[in-house]
Amino acid sequence: MDRLDGMQAFIRVAETGSFTKAADILGMSRATVTQLIQQLEARLQTKLLNRTTRRVNVTTDGAAYYERLVRLLTDLDDIEGSLPSRSTAPRGRLRVDVPSPLANVILVPALPAFHERFPDIQIEMGASDRKVNLIDENVDCVVRGGEMQDGWLVARHVGDLKLGVYAAPAYLSRAGIPMHPDQLREPGHHIVRYGWDSNLSYAMRRGSEVVNLGGRHILAIDDGNAYLTAGLAGMGVLWLPEYMAKPHIAGGALTPLFEDWQMDAIPLHLAYPPNRYIGKPLRVFIDWIVELMSVHGPRTDRHRKTRPAD
């Protein structure tokens, strides 16, 4: 048995709770993973995992071994990476989940350059606006906009997305051009609401004046791309990150509103489970996201360090 293979197999089984999922991640057969774990337990002379018909859980010894092992393999990666004469190109599969508009406009167009730098990393990207369960769905990391609500995740603040208010020319010719945000609440105007939560509040500021954006909606959508499409179709006024609006402003499909007002930027976070083995593929992906967002959505004065999310 390759001792390192057995350690890596154990880590993946412990993290996913499944021999099948671990085998899928490692590119091995389930039988090979099972054999590696059995040989590892025999060498250690202790039981590391409890197997049931529904899930695999670590034993007390297995939990202690996992914690030490994560630190050991992380240190090993660092040692190998510090040797200038050794090629340590990251390789493996990475599962990430990102907002659909961010994937379409920023991340996917930049992936060819990422692949050129890291040709041995295979990315499986979920692109949607739904909230995924990182453990149950075996996702390595997520990129999310807004304040982090999952306090158990480790979150890194990677950028800030500037917001603006926009409408299609067809909508404005029909409803009129609002000169003040409060006019959106008047008869004749509509907004396109994002998501189902009517309690979400977005404030606009001009000097000492503060107004909460709002208005009557005839359509609410929980997908960022469809939300944009609804605005382009003239269904109402919408507020968007600038990166989504720019190409449509340039083409005349969207008109900016209230340009002498400001909105708070949306913080963008990259998050992953704590106490998890962070291999080289995830490390370079995190660095790439940080590099990418420094161009498309640089952090403002809200500086944060990598930490458990509030």
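This is a short walk through one protein model, from the whole chain down to single residues.

First, the ground rules. The model is predicted, so local features need pLDDT of at least 70 and side-chain atom pairs count only at pLDDT 80 or more, while totals for chains, interfaces and linings use all residues. Residues are numbered from 1 along each chain as its sequence is written, and side-chain values use heavy atoms, with hydrogens and water left out.

Let's start with the whole protein. Its C-alpha trace spans about 75 × 45 × 35 Å along the principal axes. It holds nine helices and 16 strands. Of the 310 residues, 45% are buried. Buried means under 20% relative accessible area, exposed means over 50%, and partly exposed is in between, with a 1.4 Å probe and protein chains only.

The accessible surface is about 16100 Å², and carbon and sulfur atoms own 51% of that. Areas come from the Shrake-Rupley method with a 1.4 Å probe; for residues, only the protein chains shown count as cover.

Next, contacts, meaning heavy atoms within 4.5 Å. Take those with a separation of 6 or more: 77% of them link residues 24 or more positions apart.

Charge is quick. There are 36 positive and 36 negative side chains, and the centres of the two sets lie 4 Å apart. Lys and Arg count as positive, Asp and Glu as negative; His and the chain ends are not counted. Each charge is placed at NZ of Lys, CZ of Arg, CG of Asp or CD of Glu.

Now the strands. Two strands pair if DSSP finds at least two bridges between them. Strands of a sheet pair through backbone hydrogen bonds, either parallel or antiparallel.

Look at β7, residues 163-167. Five of its five residues are buried, so the strand is largely enclosed by the rest of the structure. Both faces are covered: Leu-163, Val-165 and Ala-167 sit on one side, Gly-164 and Tyr-166 on the other. Which strands does β7 pair with? One is β12, residues 238-241, antiparallel over four bridges. There, Leu-163 stands opposite Pro-241. Another is β13, also antiparallel, over three bridges. In that pairing, Tyr-166 has Pro-256 as its bridge partner.

A second sheet is open. Its three strands run in the order β10-β9-β14, with antiparallel pairing. β10 (209-212) and β14 (262-263) stand at the edges with a single partner strand each, so one side of each lacks a neighbour in the sheet. Four bridges join β9, residues 203-206, to β10. Arg-205 faces Val-210 of β10 there.

On to single residues. Asp-160 is in strand β6, residues 154-161. Is Asp-160 buried or exposed? Buried, at 2% relative accessibility. Its side chain makes a polar contact of 3.1 Å with the side chain of His-157. A polar contact is a pair of N or O atoms within 3.5 Å; within protein, one must be able to donate a hydrogen and the other to accept it, and residues adjacent in sequence count only if both atoms are side-chain atoms. Leaving aside residues up to four places away in sequence, Asp-160 touches several others, including Ala-265, Pro-267, Arg-299 and Thr-300.

His-189 sits in the loop between α6 (169-175) and β8 (191-194). It is buried too, at 6% relative accessible area. Its side chain has a 2.7 Å polar contact with that of Tyr-171. Beyond residues up to four places away in sequence, the neighbours it touches include Tyr-171, Pro-178, Leu-184 and Arg-216.

His-115 is another story. It lies in helix α5, residues 100-117, and is partly exposed at 44%. Its C-alpha is 35 Å from that of Leu-238, 123 residues away along the chain.

Last, backbone angles. Most residues other than glycine have a negative phi. Gln-45 has a positive phi of about 55 degrees. It is in the loop between α3 and β1 (49-51), and exposed at 74%. Phe-258 also has a positive phi of about 55 degrees. Its loop joins β13 (255-257) and β14. Phe-258 is buried, at 7%.

Methods: Helix = DSSP H or I, 4+ residues; strand = E, 2+ residues; numbered from the N terminus.
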